[in-house]
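Hello,

Here is the structure I said I would pass on. My notes on it follow below; please read them next to the coordinates.

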Amino acid sequence: MNPARTMDLPTRWQGRERFAVMLDTVAPFPALWAAWRADPQRCVRLDVVLLAPGPLDGGTLRQACSDLGLDLPAEWPPATADFHALTLDGGRLHLLLAAGDPRRAWREVVARIDAFRFDAPIADPVGLPKALVRLAAPGTTVTAIHASPALRASLRARGFELAETGQPLARYRPAFVPSRAPVRQVAAASGTRHALVVGAGLAGAATVRALAHHGWSTTLLDRHDTPAQAASGNPAGLFHGIVNAHDGPHARFNRAASWAARDVVQQAIEAQGVAGSTAGLLRLESASTDPAAMVSLLHRLGLPADYVQALDATAASAACGIALHQPAWFYPHGGWVHPGGLVRAMLAQAGTACTFLGGREVHRITREGTRWQVRDTAGGVIAESEVLVLANAMDALRLLDQPAWPVQSVRGQLTVAPRPDGLALPTVPIAGGGYVMPDVAGEVVFGATAQAGDTDPSVRMADHTHNLAQLARLLGHPWDGARQALHGRTAWRCVAEDRLPLIGEVPDFGTALPTVEQARFVPRRQGLFVFTALGSRGITWSALGGQVLAAAIAGAPSPLPASLLDAVDPARFVARAARRAGTSG
């Protein structure tokens, strides 16, 4: 059965900028992709949301695609019950893998779907149509191979017009469209598909790269003459996931972000020759931690070996090439990279879609009609667009007139020294109460301090001493180094109180919100987005954060489930204040 024909395609996607399809089984995807590619009048971009009851076998799907002349990437996301976003076909096809219970995915997917196809038996024929209303636009079609009377009746009751025979089974024809849809489902209004991005560090570069994949052009502004001059200017940085017994939003976001980081770092290494490695990372536990308990925790959480492994001290030593005396978590897809090189690689991938304007100090932002303007110290307009992204760390809060967000600046100093003969360094980074890198161009790179509210820009010997103590613990033996040869770098991290980034459209601070207790319903300043508070995880979080912003701006399915969007949404602080006010009242 041709999946395109049963969904009333290709006629419905022809002439469209983008078209979104949801499938509940893997089987139709290769044929759908082939039909779209073969249509000369196809939409510019195709979004496919693929629901899977469990982790997908990349090899099986790759073979099915290969049989039709289609190429999936060689690397496949870890087999975790999460959302995984893949960009295929030169950026024209976006595939979102939503693994796990499909009923959960119905609630968690944030998208505007144009065609649904359900091949598997439907476990909840009454609840499914309710979920579809949240995702459907007027005219959206539903194809269901197993269309029970209960499903048909529920679809009709929810505003779907049923076909007499054949497929599609139903088309969404609501008598009215709910006026209080989640705000963030609405794409920013921009007929030109152009955005201004302030801040040319990891956050800004990742946003520019992701928007280019959606066909958007950008103007990237920075107060420095060249990109990656603030915290992104460090000589090396880490990326990896985390394990947490509660597996809450922080752990789940890091899990999703670490795979996205690994993908972009690997591209930077292969295409631009950026210094770095995706060969893995160790995060030490205390010597008293029971490795068997670590293994048991992974089994309970359902975390597979291609995401994380629990190693005893012997296995951890073998993984890094030096003697360790503690158990550790090993993240096979973790690693390290030169942050500045990664920024430049992401900008290179955006290509001519991005125009960089360096040496531009943004004094304030204003809005004239539907356009956001960035202005210099004399009040002149530097640039303007209907979409503005503030990706400039703490300075974003200044431009937003210091909203009451629990975010602070944290000073960090790392230490660098020439590598002496005989000093054994690990072959992969080691983290855990500090970090030490493998050899970085003949130098030892380790650190780092974390001092909130410290504004001293100098490189201090006291901080080198602190970093040396951390290094001794990580290596298992002291090394004072040649103190006169020690040097380092100081930078500031923007850190939120809940240790998660701020990614999304900026709340409308002028609106009274005593009853809005969910971030997704908070009114917004349309077209104004923020991407900040990356803390010490800029490399890990930037790629996914850029994808999340680009999807929201371009109107594509979000690579994050709704619950994680709530967790990183800048409006979460407004919602929390409303909940506290309701409780105290």
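**Cavities**

Searching the whole structure, which is a predicted model, turns up two cavities of 30 Å³ or more.

The largest cavity holds about 80 Å³ of space. Its lining consists of P78, F239, H240, G241, S258, W259, D306, Y307, Y331, P332, H333 and G334. Sorted by class, the lining of the largest cavity has six nonpolar residues, five polar and one charged.

The second largest cavity has about 50 Å³ of space. The residues that line the second largest cavity are A81, D82, F83, R104, R252, A256, P561 and L564. Five of these lining residues are nonpolar and three are charged, with no polar residue in the set.

**Helix packing**

Two packed helices are described by the angle between their axes and the distance between the axes. Two such pairs are listed here.

Helix 2 covers residues 28–38 and helix 3 covers residues 58–66; their axes come within 9 Å and cross at roughly 35°. The crossing of helix 2 and helix 3 is right-handed. On the helix 2 side the contact is made by F29, P30 and W33, and on the helix 3 side by L61, A64 and C65. The contact of helix 2 with helix 3 has six nonpolar residues, no polar and no charged.

Helix 5 (residues 127–135) and helix 6 (residues 149–157) have axes that come within 8 Å, with a crossing angle of roughly 35°. Helix 5 passes helix 6 in a right-handed sense. Here L128, P129 and L132 of helix 5 meet L151, S154 and L155 of helix 6. That contact has five nonpolar residues and one polar, with no charged residue.

**Salt bridges**

Side chains of opposite charge can pair when their charged atoms come close. How many salt bridges does a search of the whole structure find? The search finds 24.

One of them is between the side chains of D114 and R16, at 3.0 Å from N to O. D114 sits in strand 5 (residues 113–118) and R16 in the loop between helix 1 (3–6) and strand 1 (18–23), so the pair ties together parts that are 98 residues apart in sequence.

**Backbone geometry**

Most residues other than glycine have a negative phi, and most peptide bonds are trans.

The peptide bond from G447 to A448 is cis, and its omega is near -5°. A448 belongs to the loop between strand 25 (443–447) and strand 26 (451–452).

R499 is not a glycine, yet it has a positive phi of about 60°. R499 is located in the loop between strand 27 (487–496) and strand 28 (502–507).

Regards

Key. Residues numbered from 1 in each chain as written. Predicted model: local features only at pLDDT ≥ 70, side-chain atom pairs only at ≥ 80, totals over all residues. Heavy atoms only, no water. 1 Å grid on protein atoms, 1.4 Å probe; cavity = no way out; pocket = protein on both sides within 12 Å on 5 of 7 lines; lining within 4 Å. Points joined across faces, edges and corners; volume = space filled by probe spheres on them. Nonpolar A, V, L, I, M, F, W, Y, C, P; charged D, E, K, R; others polar. Axes fitted to C-alpha atoms, helices over the stretch in contact; angles between N-to-C directions. Helix = DSSP H or I, 4+ residues; strand = E, 2+ residues; numbered from the N terminus. Left-handed = near helix turned anticlockwise from the far one by under 90°. Contact = heavy atoms within 4.5 Å. Salt bridge = Lys/Arg side-chain N within 4 Å of Asp/Glu carboxyl O.
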